[in-house]
Amino acid sequence: MIYKDDLMRAIAGQNRGLEASDTDKTAILSAIARLEDRNPTPRPLEAPALLDGNWRLLYTTSRELLNIDRFPFYNLGDIYQCIRLEDRKIYNIAQLQGLPYLDGLVSVAAQFTPTSPVRVTVKFQRFVVGLQRIINYRNPNQFIEALESPQKFLALDSQIQTDRQGWLDITYLDETLRIGRGNVGSVFVLAKA
């Protein structure tokens, strides 16, 4: 699809948005809007075969995510959003690349509730920050399995005690690409991992 190719060219080399200029951001948002107008899955929450699974972030305008790159001695590595529809859970996992044996991880687990065929409200539940080696992180699936066990990690591992909720609209979904828009105006472009 030509519009999908246009978006992929626009985000290429932008390091998930870290290196995007204002001109780049305008062009990317325009390419995103053109693709959203051609969404082949208008009811994404009713398409579990497409939506469920692990998604790798390609581009975002989320300052919250991009600011993770400011950790001293670390660079932002891959970021995943893992959706488990049956359990109504979302896991955000950001890998941090640092000095040898000191690669880090920042993760937030959340429960979601569908509120329309395209929107979910999200309640954040658990926050984990630590060294991948000490957490024994190997990949998103293994980490989620450990996260759902009763164990606590040897890391900053805490329950999030807040009533703060957010929401996410899934505005485009196909077999390999997902676009979402969040309640603070952030845009997310992800590829199926």
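This is a predicted model: local features need pLDDT of at least 70, side-chain atom pairs count only at pLDDT 80 or more; totals for chains, interfaces and linings use all residues.
Analyst: Local features need pLDDT of at least 70 and side-chain atom pairs 80 or more, while totals for chains, interfaces and linings use all residues. Residues are numbered from 1 along each chain as its sequence is written, and side-chain values use heavy atoms, without hydrogens and water.

User: Why is Leu-102 called partly exposed?

Analyst: Buried means under 20% relative accessible area and exposed over 50%, with partly exposed in between (1.4 Å probe, protein chains only). Leu-102 has 36%, so it is partly exposed. Leu-102 lies in the loop between strand 3 (89-97) and strand 4 (104-114); strands are DSSP runs of E of at least two residues, and helices are runs of H or I of at least four, numbered from the N terminus.

User: Why does Asn-136 count as partly exposed?

Analyst: Its relative accessibility is 43%, so Asn-136 falls in the partly exposed class. Asn-136 sits in the loop between helix 5 (132-135) and helix 6 (140-147), and its phi is near 70°, a positive value in a residue other than glycine.

User: What makes strand 9 largely enclosed by the rest of the structure?

Analyst: Of the 6 residues of strand 9 (residues 187-192), 5 are buried, so the strand is largely enclosed.

User: How do you know that strand 8 and strand 9 pair?

Analyst: Pairing requires that DSSP finds at least two bridges between two strands. Strand 8 (residues 177-182) and strand 9 have 5 bridges and are antiparallel, so they meet the criterion. Arg-181 has Val-187 of strand 9 as its bridge partner.
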